[in-house]
Amino acid sequence: KGTLRKACEGVGIQYKHMRELGIASSDRRNLETQEDYDRLFTVYERDNLPFQIAALSMIKSWIEQEGHRVALTCFEEKASMCHRHCVAKAIGQLNGFALAPLHL
């Protein structure tokens, strides 16, 4: 994350690490199939995201009120194996906020 922060800031992009929206590395071990990831995300959406309304609302305000583009990043290459789709979905569910994530 330090390298990414420096690279972003070097081209005028603000970088904000939000540890509270991550998944513990111990929970990410031994994930081999899409089903393994899907089970992990079910637990994450149930047991973590409902308690992160402040962080989710902050991202929502960056987009909605401040007009910023926001990139959710993760080390996983495939969106289906990354928690960022869960975060985007949770942000989109805040007070009917319309969010259409684009996976690059």
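Trainee: Which residues in α3 meet V87, A90 and I91 in α4?

Mentor: This is a predicted model, in which local features need pLDDT of at least 70 and side-chain atom pairs count only at pLDDT 80 or more, while totals for chains, interfaces and linings use all residues. Residues are numbered from 1 along each chain as its sequence is written, and side-chain values use heavy atoms, with hydrogens and water left out. Helices are DSSP runs of H or I with at least four residues, numbered from the N terminus, and contact means heavy atoms within 4.5 Å. On the α3 side, the residues that meet V87, A90 and I91 of α4 are L56, I59 and K60.

Trainee: At roughly what angle do the axes of α3 and α4 cross?

Mentor: Axes are lines fitted to C-alpha atoms, for helices over the stretch in contact, with angles running from 0 to 180 degrees between N-to-C directions. The axes of α3 (residues 53-64) and α4 (residues 84-92) come within 9 Å of each other, and they cross at roughly 75°.

Trainee: Which residues does L56 contact, leaving aside neighbours within four places in sequence?

Mentor: L56 lies in α3, where it meets α4. With those sequence neighbours set aside, the contacts of L56 are L21, L49, V87, A90, I91 and L94.

Trainee: Is N48 buried or exposed?

Mentor: N48 sits in the loop between α2 and α3, and its contacts beyond four places in sequence are E20, G22 and V43. Buried means under 20% relative accessible area, exposed over 50% and partly exposed in between, using a 1.4 Å probe and protein chains only. Because its relative accessibility is 18%, N48 counts as buried.

Notes:
Helix = DSSP H or I, 4+ residues; strand = E, 2+ residues; numbered from the N terminus.
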